[in-house]
Structures are given as C-alpha cells and as structure tokens.
There are 2 protein chains.
Amino acid sequence: MARPLRVSSIGEFGLIRRIKKNAQKQLERVCVPCDPAILLGIGDDAAAVLPSPGNCLLVTTDILLEKTHFDLALSSFFQIGYKSIAVNLSDIAAMGGVPRFYLVSLGLTGKESVSDMDHLYQGMFWAGHEAGISLIGGNTARSAFLLISITLLGEIPKNEMVMRSGANVGDCLYVTGTLGDSAAGLEILQKRMRKGTFRGLPSKHQMPMARWREGRLLAQNQIPSAMIDLSDGLSSDLSHLAIQSGVGARLECKNIPISPTLKRYAKSIGANPYDYALHGGEEYELLFCVPEEKRDKLEALIQNGEIEARQIGKLIPKRNGILVKGIDGAIYKLRPSGYDHFNEKR
Amino acid sequence: MARPLRVSSIGEFGLIRRIKKNAQKQLERVCVPCDPAILLGIGDDAAAVLPSPGNCLLVTTDILLEKTHFDLALSSFFQIGYKSIAVNLSDIAAMGGVPRFYLVSLGLTGKESVSDMDHLYQGMFWAGHEAGISLIGGNTARSAFLLISITLLGEIPKNEMVMRSGANVGDCLYVTGTLGDSAAGLEILQKRMRKGTFRGLPSKHQMPMARWREGRLLAQNQIPSAMIDLSDGLSSDLSHLAIQSGVGARLECKNIPISPTLKRYAKSIGANPYDYALHGGEEYELLFCVPEEKRDKLEALIQNGEIEARQIGKLIPKRNGILVKGIDGAIYKLRPSGYDHFNEKR
C-alpha cells in the first residue's frame, strides 16, 4: 500500500492551495455560482464581502498557539494578549481597511490563574483601544494548552481596497518601519541575554505595532497597487505578493531599513543584519507597491512625517524571478525562507 | 501567600462574566462610549453589529478541539468537518439569522494525511452547501493536536433579530425536534455498541443538523420573544435564557419530545430517557419562548408541517426558579448540569 501523503509533505501553502481548489470544485459540482457578495475569498490578508453596496466588510482570523506562536517563558500574558490583536490588525492594515470589532476564542487548560487571564485581556484591550476597536464576542473551551483565536472585522470603501494581486512591472517596492528587529529580538529572548543592551528588539517581537494607521493612510490616498503585511518574513511575503500579482522583483540590500540597534546586535555576534531583515518573520510591517505616477504623492507624505516608509526595490518581469543586489554589489536569486508551518524541507 | 484563583474555580461562565465586566470597565476608564454600531456584544449566541442601517451583521465563532469536542476514534473527518460548521450555523439560527459566509482556521500536527484533510473540508462543504454559505478565508498553523476554529457570518433585518433576553413571564416554552438523542448517541459510540440497533442516535451526535431553516422561519414570522440553541443541554441553556430574560420556568416532563429510539435505548439499559433530555448537551435544537398572542400563528406553522416543535413548559416569575414536573407528577427544582468547560465541581 502506498504511504499516505502527509500535510508536512505539501506544506502550509500547498494545503491552502488545495483547500482553495477543492472549494472551487465543490461550487462548480453543485452548480452554485459564486456568491456575488464575495469580493475576495481565500488567499489574501483578509476576506472581503459586500453586504451593502459601496462598503466592504473585511474579515480576518488568526490562531495563536502556545509553543508555536508564543512562549510563556518569553512573553507576559499582557504582551501575548496585545500581540494576538496586533497580528490581526496587521491583516486589516494590509487591505487598507479600518478595523472595527473583534471576537476572542480561548482554549484554556483551566489551571491558568484568573489574574493571568485578566492580564491577557488587558493586553487585548490595550491594543484594541489604540486601534479604536471593541470586543464583541467569542467563546471558551478546555484545551491541553493555551490557545487564542481572534476574528477581526473591519471595513473599507470598495474602491479603496488594496489586494496582493494588483502590482505591475515597474512599480516601486516600499516597506514601512525597519526590518529584522523582531527575529533578532526573539533570538535575544531565547538566549536570555540582558535586554537593556539591545533595547527595542525584544519588544518588537513581544508587542509588535500593527501598521493600521499607515495602511489606512496609503489606501485612502489610493497609493498602493498591492500590499501585504510581513508576517512570514520579507522573502516569503514578497514571493506571495509577486506570485499573486504575476511579477518578479529586484531588491537593493543597501536600501533595506535596518535599525541601529539591529546593526549593533548583528555586529556583536558576527552576523549579517540583512539575514534578519530578509528572512525574519513576525515583523508586521507593510510591504507595498507604488506605481511610478503615485510616487510623488507618497514621497510628500514621507517628507511631511505622516508615514515612515522607504523604497527597497522595483518590480520586474515575472520570468526574472526575485533578485537581490547584496551590499557587495553581487546579484543573487532570493529564495523564500520565511515561515511555513508544516514544511519539513527547509 | 494566598493561592491564585484558578479558571477552574470560577468556571466557564464565571470567566465569561469577568471578561464582559472587564471589557465594560475598560470602556468606561478610557471614556470611550460604546460603539453605536454594536447592537449586541458578549453573551448571546452571536454578536450583532450594524454596519449599514436596518440590516444587522451577525458574527459567531467556535473552536473544536480534539479530545474536548471530538474524538477521531468516534467520528470520521467528514463528520467532524460537518459538525464544526453545524455548531456555528446553530448559533446564527438561534438569532433567527441567515447564514452567509465562513472562515476556517486549522491547527494541525502536520502528520495528518492530505486525504483526511480533504474529507474534513468535504464535510464542511457539505454542511455549508446545505445552508447556502461559502468559505471565504481562514488560516493554518502547527499544533500539538487537531483543532478547528470556525467564524461564521450571517445577516438579519434589525427588527427580526431574536435575543436570549426578550422573554416574559407567561410566554410558552417550545423546543424543536427531539431531545436527548445526541448524549445517548455519544454513549453508544463510547461503549462501542452495535450502532444498527439504535440507528439515529450516534449520527445525531456525529452530524447534528443545525436548525437554521427553523430559526429563520420563526424570526421572519416574529414569533419568538427569546431563543437559544441547545449546545450545553436543556437544563443549562434554559438557565442561561432565564437569567438573561429575568424569568423562571416550569417544564412538564411528559411534554418533552423523546424519540422512540431513545426510549428503547434507555429501557434497554435501565436508564431514564428524561435524564438525557434534560441534561444531555450538543443537541443543537432551538429552545424558544412564544408570547400567548403568537401561539396560534406558531401552531398553524406546526400543523402545516413547516416546523417540528413542541411546547414543553411556560415561563414563570424569576423568584420561583426553574421547576420540572416529573412523569410521576412530583415537582422539583431543576439544577443546571449541562457542560461547563472548566468547572470541577459537579
């Protein structure tokens, strides 16, 4: 008998493609045309439906699991609560939407202290309050370990929605903030290093700030042709965006924004800061594409201090793939090596 | 030092009350008035928000965990997929809403076979197709055991929405379908009995049919003053409804609908079928309250075969609590003994 094909063999993105294909087959088989209210289904940062004309409802959901997504030895309950909301806010940000409401489902062992749960929710309320969103529901269940499942709803005028698939060859590639801090921060926490020395890196991992203000600003000004949030890492997420837009890309390492602290940290351990910036996950910065004619508008916003963003490359034809020009001037192919939850082959 | 208060000491509903209170305190502390778009927050079957005037958006979310909610030895992947959608459809049904879209988040070990995952989704697609809803998104992550988190969106005209809190003293209490089958079915599966003898009971546990058609029919005809779905069990869910409506209730055992198969099964093991009906969980039938003046309208629908429902009691003043008149004519107080995920004291 043949060995069954395991999820670990096809990887996270193989599984998602398969689900998407099966969902479409199912619709065809039963002759149900796709619901016209669905603007955007499986495969972008959030799903979008159109319950009322003109205004889209955005929905995103994310699970955070103990050991997979957080470690109680490295983050406080407050930080975990904060981050669980932030990662979902980031998905709404990547569509350019206004976050509105959230639901929280918890899996608990029952042995958690009530005070720890209060802190978990205080962290959620804090992140929620910053973004002006309200907790409207959820559910709780007994689980062998702590798990948090968040559903976040947002909205956006239909004509302002930004998808992963709208980019064109020639568009400039921008990123908000600085890259690599979160991955380095996790390393520092895991090594139990004194945090004071590299202040800022661990907190970027523990309490990332979702770029909902920036995402909204960009969408409102109709600047990006495509956008994605950096949850898996620049190399992986750029590859998702490039595939969905049918383009290639060329990055300039020297333009990738690296924080002074990350430079100092990398130097202290003899590492290359660009490795963190290219492949480190959980940044929750926004990666977006800007058509040439919209660049002046964006650069004006940057000049006015309304958004912190920097051009890191350009989109090129798909056949050229994704290229990086290193600090040494050499050009090489970038292989996505961000996070895939199931793939054993790295 | 005092021992910390554990979640298991305050129980599932104690925790939910605490979250609700803290969420409200948070809003007051930061002087944010509650978002006027929130019609209904924490504490009903689904949350309801009002993104567009007149039409409510309903949102519900539920996690299903291996061992807690399902057992791979007792249910197939197809059945688990079907049930995971059904339990969420049931929450929308309890508000009287029209289910529309769903998102699926999976936690997987990676060792699952791809074919098992296909069957899981086939079960979801089947339940979704029956109800006319579409999969629009989700996410996947690595987990130590299988977990499924579903978010379901529905809609309802604002003036038709049915909550848990609208019942009044004097209203008649009705229930759809028959009660106790699911709990008996689980017992049969756990005892590894030959299923043929009591056909129907195990499948009510494995693939419950959500009453979204019935919930919608009732709401459209503006019949129920309050409604809840029976997920925790009649005694528990009636107590939730009674508390939220500020009423008591009096049940008549002889009127509780029991299937012939459950009667036969209970007799064969020397058990009382009403114990299953009063306290068995995971029924996913609807329990609803009907004001006297709406009874004729409901009875006409029942006569026409449009809905299968039966009166099982009446609402009485809160101070009288929840009473049951047994088959022997004796009246006793009903204590909620349905499912609480964390409470150790039973």
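1. Helix α2(A) passes α3(A) in a right-handed crossing; a crossing is right-handed if the near helix is turned clockwise from the far one by less than a right angle, and left-handed if anticlockwise. Helices here are DSSP runs (H or I, at least four residues), strands likewise (E, at least two), numbered from the N terminus.

2. This is a predicted model, in which local features need pLDDT of at least 70 and side-chain atom pairs count only at pLDDT 80 or more, while totals for chains, interfaces and linings use all residues. Residues are numbered from 1 along each chain as its sequence is written, and chains are lettered from A and ligands numbered from 1 in the order in which they are written.

3. The axes of α2(A) and α3(A) (residues 114-131) are 6 Å apart, at an angle of about 35 degrees. Axes are lines fitted to C-alpha atoms, for helices over the stretch in contact, and angles run from 0 to 180 degrees between N-to-C directions. Among the residues that meet are A:Phe77, A:Tyr82 and A:Leu89 from α2(A), and A:His119, A:Met124 and A:Trp126 from α3(A). Contact requires C-beta atoms, placed from the backbone, within 7 Å. The residues of this contact comprise 13 nonpolar, seven polar and one charged. Nonpolar covers Ala, Val, Leu, Ile, Met, Phe, Trp, Tyr, Cys and Pro; charged covers Asp, Glu, Lys and Arg; the others, Gly among them, are polar.

4. Chain A is assigned domain 1 (56-160) and domain 2 (162-333), with bounds from an automatic or database domain assignment. Their contact takes 20 residues from domain 1 of chain A and 23 residues from domain 2 of chain A. On the domain 1 side, α2(A) gives the largest share, 10 residues. That side divides into 13 nonpolar, four polar and three charged residues. The C-alpha centres of the two domains lie 24 Å apart.

5. In chain B, the axes of α2 (residues 77-93) and α6 (residues 212-220) come within 8 Å and cross at roughly 5 degrees. α2(B) and α6(B) are therefore roughly parallel (angles under 35 degrees). B:Leu89, B:Ile92 and B:Ala93 meet B:Trp212, B:Glu214 and B:Gly215.

6. A:Gly170 sits in the loop between β6 (147-157) and β7 (172-176) of chain A. With 14 other C-beta atoms within 10 Å, A:Gly170 is partly exposed (buried means 20 or more, exposed 12 or fewer, partly exposed in between, with C-beta atoms placed from the backbone). Not counting residues up to four places away in sequence, A:Gly170 touches A:Glu292 and A:Leu315.

Note on methods:
Two residues are in contact if their C-beta atoms, placed from the backbone, lie within 7 Å. Angles under 35 degrees count as roughly parallel, over 145 as roughly antiparallel, 65 to 115 as roughly perpendicular and the rest as oblique.
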